[in-house]
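The following explanation leads the reader through one protein structure, beginning with a single residue and its surroundings.

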Amino acid sequence: MLRTGDIRDAILVSDPTHTLRVLRIAQDLGIVAWGSPTPTSMVEADNAKRIEATIHELGGLALYFFAHAAPPGELGGDVP
């Protein structure tokens, strides 16, 4: 949608634990992005869920870095 509208800047709203990864992906796609972690996330109300979400996001970020560093065509290394 951003490319279609020739939009290069965005405010991305997501769970606080997901904000770092979504901002990194946006940066890699050439989007100037600002994060706005939602204060109404369901994981924020429960410490156990927050810890689980944080671990999930750390793994997701590591996988993203690994896949992004792969040669084009392998494990998503070539980001569209």
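Leaving aside residues up to four places away in sequence, V43 touches K49, R50 and A53, where contact means heavy atoms within 4.5 Å. V43 itself lies in the loop between β2 and α2 (47–69); helices (H or I, at least four residues) and strands (E, at least two) are DSSP runs, numbered from the N terminus. With 17% relative accessibility, V43 counts as buried; buried means under 20% relative accessible area, exposed over 50%, and partly exposed in between (1.4 Å probe, protein chains only). From V43 to T54 the separation is 11 residues in sequence and 9.6 Å in space, C-alpha to C-alpha.

The model is predicted: local features need pLDDT of at least 70, side-chain atom pairs count only at pLDDT 80 or more, and totals for chains, interfaces and linings use all residues. Residues are numbered from 1 along each chain as its sequence is written, and side-chain values use heavy atoms, with hydrogens and water left out.

The protein chain contains 2 helices and 2 strands, and from the N terminus on its elements run β-α-β-α. Of its 80 residues, 24% are buried. Among contacts between residues at least 6 apart in sequence, 41% join residues at least 24 apart.

Strand β2 also holds V32, which is partly exposed, with a relative accessible area of 43%.
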